[in-house]
Amino acid sequence: MKMWQPLKSFWRLITYNLETKVGFSIVALFVLTSIIEAIGGYRILPYNPLKTFVGKPFSPPSVLHPFGTTKLGRDLFSMIIAGAPNDALVSFFVVGFSFSVGGLLGAAAGYVGGILDELLMRITDTFFAIPALILGMAIAMILGPSPYHLMFALAIIWWPPYARLTRSEALRLANMPFVASAKLSGISGPRIVLRHIFVPVLSTLLVYATLDIGTVVLTYSGLSYLGLAVRPPYPDWGYLVAQYQEYIIYAPWLSLIPAGVIMVVAAGFSLLGDGIRGAIQAERGR
Amino acid sequence: MNPLTFFLRRLVTALVTLFGVTLITFTLTHLISSNPLVAWLGKSASIDPQLAQIYIKIYHLKSPLYLQYFYYIDGLLHADWGFSFSKGEPVAQAVSQTLPYTIQLVILSLLFTIILGVAGGILSARFHGSILDKTIRTLYILGYASPAFFIALVLILVFSLFLPVLPTGGAAPVGVTLPKPITHIPLLDALIEGDWTAFSSLLRHAILPSLALSLGLFGVVTRVLRSSILELINSNFIRAARARGVSENKVYFYAFKNSLVAVITLLAITVNFTLVADIFVENIFAYPGVGQYVVQAALSLDYPAVLAITLVYAIIIVTANFIADLLYAVVDPRIRYE
């Protein structure tokens with residue numbers, strides 16, 4: 001059965017070792033929760049996350065409220081599930097955008113060379129000198145708090161590493177015989193860049209992207225923590241931490257649980273990415 | 001290439017990068033805001049037309065974009081970084097008051113990062129595959145995946161509930177008189193003047209914030225050091241040393257010494273990460289540095305301040321890159337002749 005082959009190799013990749021298994025489970029849980037919550041809305045949650053006094057204020061984690069309740073008696077568990085789609089949407093969009101735009105730019109620059117290549121290198125050098133969080137903060141400040149604005153702000157500053165990575169691979173591939181023969185058989189430049197440069201780099205880019213999604217989650221929740229993602233009372237992971245950190249001594253679970261959730265999700269992506277890289281290397285080494 | 005040419009070349013690259021930073025931050029922020037006046041003044045623009053007129057005049061908001069950029073650069077070069085209305089003083093003044101605190105925090109945290117990172121790297125390479133190696137690996141993966149505010153909050157919880165030996169807020173208690181500015185970095189000034197009360201108080205207040213930064217970042221060093229040592233341990237000079245009967249610990253020390261080059265290249269990226277994490281840590285520990293200032297500025301739409309601080313961060317990162325390049329050339333002479 002040929003159609004099962006990609007699925008089979010995907011399964012082999014994610015069950016490669018303990019790291020990939022744990023990483024994939026976390027990532028799958030995060031993505032599924034986000035999708036279900038994005039479709040189902042607040043109705044499918046145990047409590048409406050915006051409704052106050054569904055439980056006694058500041059009650060610690062219990063069976064009724066697995067993550068406890070907030071100052072106004074909101075259910076923290078429901079608030080955290082309700083906040084998941086924001087992180088998923090922003091991180092996958094930003095990485096997907098950077099992947100395609102940065103990857104294609106890098107492939108084109110590495111293949112064409114000359115002024116285009118030099119220009120791209122200088123632009124990426126410049127972006128590397130500015131922490132993404134700061135630039136994202138400046139842009140989000142002007143646009144006003146919203147997950148969509150942050151998504152936009154991060155997308156336009158996140159692509160340079162993808163361009164650099166693809167470019168260095170493209171330099172190597174551009175001198176390969178199969179590219180020369182493609183050129184000789186009259187295939188157009190853009191088509192060569194897409195089919196013969198960009199496609200072979202995909203697996204390297206995918207590993208980097210998997211590791212990178214965790215970084216976007218961290219950056220987004222950082223900006224959200226600073227109050228640049230949502231306005232109260234709407235729940236968002238980073239912002240929940242900021243809202244309840246003043247009760248760190250009295251009710252530590254209120255800020256530590258959302259912060260811990262962010263950590264687990266970020267760790268999930270980095271375990272999965274690291275594991276897949278190891279698996280691919282082992283496969284190639286054989 | 002002789003050393004001077006090498007130095008000048010890297011210097012020019014650094015300056016070009018900084019010029020690029022001003023271009024990118026300026027155009028991005030100006031293209032996005034449809035009405036720069038509202039971005040500069042917030043809602044007060046519509047309330048006070050007179051103030052709006054003054055701002056249009058000061059910042060040449062009616063001129064074409066390239067002229068505005070020219071005026072901006074001209075101002076930067078004449079130490080006019082704009083007026084920070086969230087602080088009520090010129091941006092340059094506000095930055096010069098807050099930056100020293102950030103610098104002392106970042107330097108202290110780099111120190112912790114190097115100590116933790118190197119110790120972790122050596123131990124996990126020496127005992128690779130052991131429980132210790134795995135524990136260290138788990139710790140740095142968790143540290144790296146933690147948002148900076150998570151580590152900071154955990155430290156505050158632990159040190160105020162169970163282990164109340166270190167202060168968890170501010171840069172110095174109210175009663176302590178700060179040393180006279182010589183280098184403008186308080187910790188260093190106190191040391192130079194031999195003011196031990198101020199020094200120990202400043203140091204004690206800086207320990208937890210800088211530790212919060214390092215606990216998240218030491219893995220960057222550990223990871224690279226571990227793989228570099230393990231790669232070198234199979235090389236010929238190590239095999240020769242082993243054949244001569246050099247002890248295993250000493251052999252690992254040789255490999256470590258040769259791995260230091262790899263650690264130097266991490267300097268710039270570590271500084272970059274530390275500065276970002278520092279924004280959160282300063283806010284949680286109420287530490288009066290640039291990180292706290294930039295958040296306050298961003299939340300009150302203090303546009304000149306945010307632009308200026310972005311540039312300050314870029315200057316620090318580009319300088320760190322520059323230093324790393326030079327160090328690299330000193331340690332590994334082959335770089336100079338490339």
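Student: What makes the span of helix 7 of chain B close to the expected one?

Tutor: This is a predicted model. Helix 7 of chain B has 15 residues, and the expected span is 1.5 Å times one less than the number of residues. That gives the expected 21 Å, and the helix reaches 21 Å from its first C-alpha to its last.

Student: Which residues of helix 7 of chain B are called buried, and what makes them so?

Tutor: They are B:Ile136, B:Tyr140, B:Gly143, B:Tyr144 and B:Ala145.

Student: Where does chain B touch chain A?

Tutor: Helices 1, 7, 8, 13, 14 and 15 of chain B each supply at least two residues of that side. The contact takes 38 residues from chain B and 37 residues from chain A. Helix 1 of chain B gives the largest share of the chain B side, 8 residues.

Student: How are helix 10 and helix 13 of chain B described as a pair?

Tutor: Two packed helices are described by the angle between their axes and the distance between the axes. For helix 10 and helix 13 of chain B the angle is about 145° and the axes are 9 Å apart. Their crossing is right-handed. Among the contact residues are B:Leu213 and B:Gly216 of helix 10 and B:Phe273 and B:Ala277 of helix 13. By class, the residues of this contact divide into 9 nonpolar, 3 polar and 2 charged.

Terms used
Residues are numbered from 1 along each chain as its sequence is written. Chains are lettered from A and ligands numbered from 1 in the order in which they are written. This is a predicted model: local features need pLDDT of at least 70, side-chain atom pairs count only at pLDDT 80 or more; totals for chains, interfaces and linings use all residues. Two residues are in contact if their C-beta atoms, placed from the backbone, lie within 7 Å. Helices (H or I, at least four residues) and strands (E, at least two) are DSSP runs, numbered from the N terminus. Axes are lines fitted to C-alpha atoms, for helices over the stretch in contact, and angles run from 0 to 180 degrees between N-to-C directions. A crossing is left-handed if the near helix is turned anticlockwise from the far one by less than a right angle, and right-handed if clockwise. Ala, Val, Leu, Ile, Met, Phe, Trp, Tyr, Cys and Pro count as nonpolar, Asp, Glu, Lys and Arg as charged, and the others, Gly among them, as polar. A residue is buried if 20 or more other C-beta atoms lie within 10 Å of its own, exposed if 12 or fewer, and partly exposed in between; C-beta atoms are placed from the backbone.
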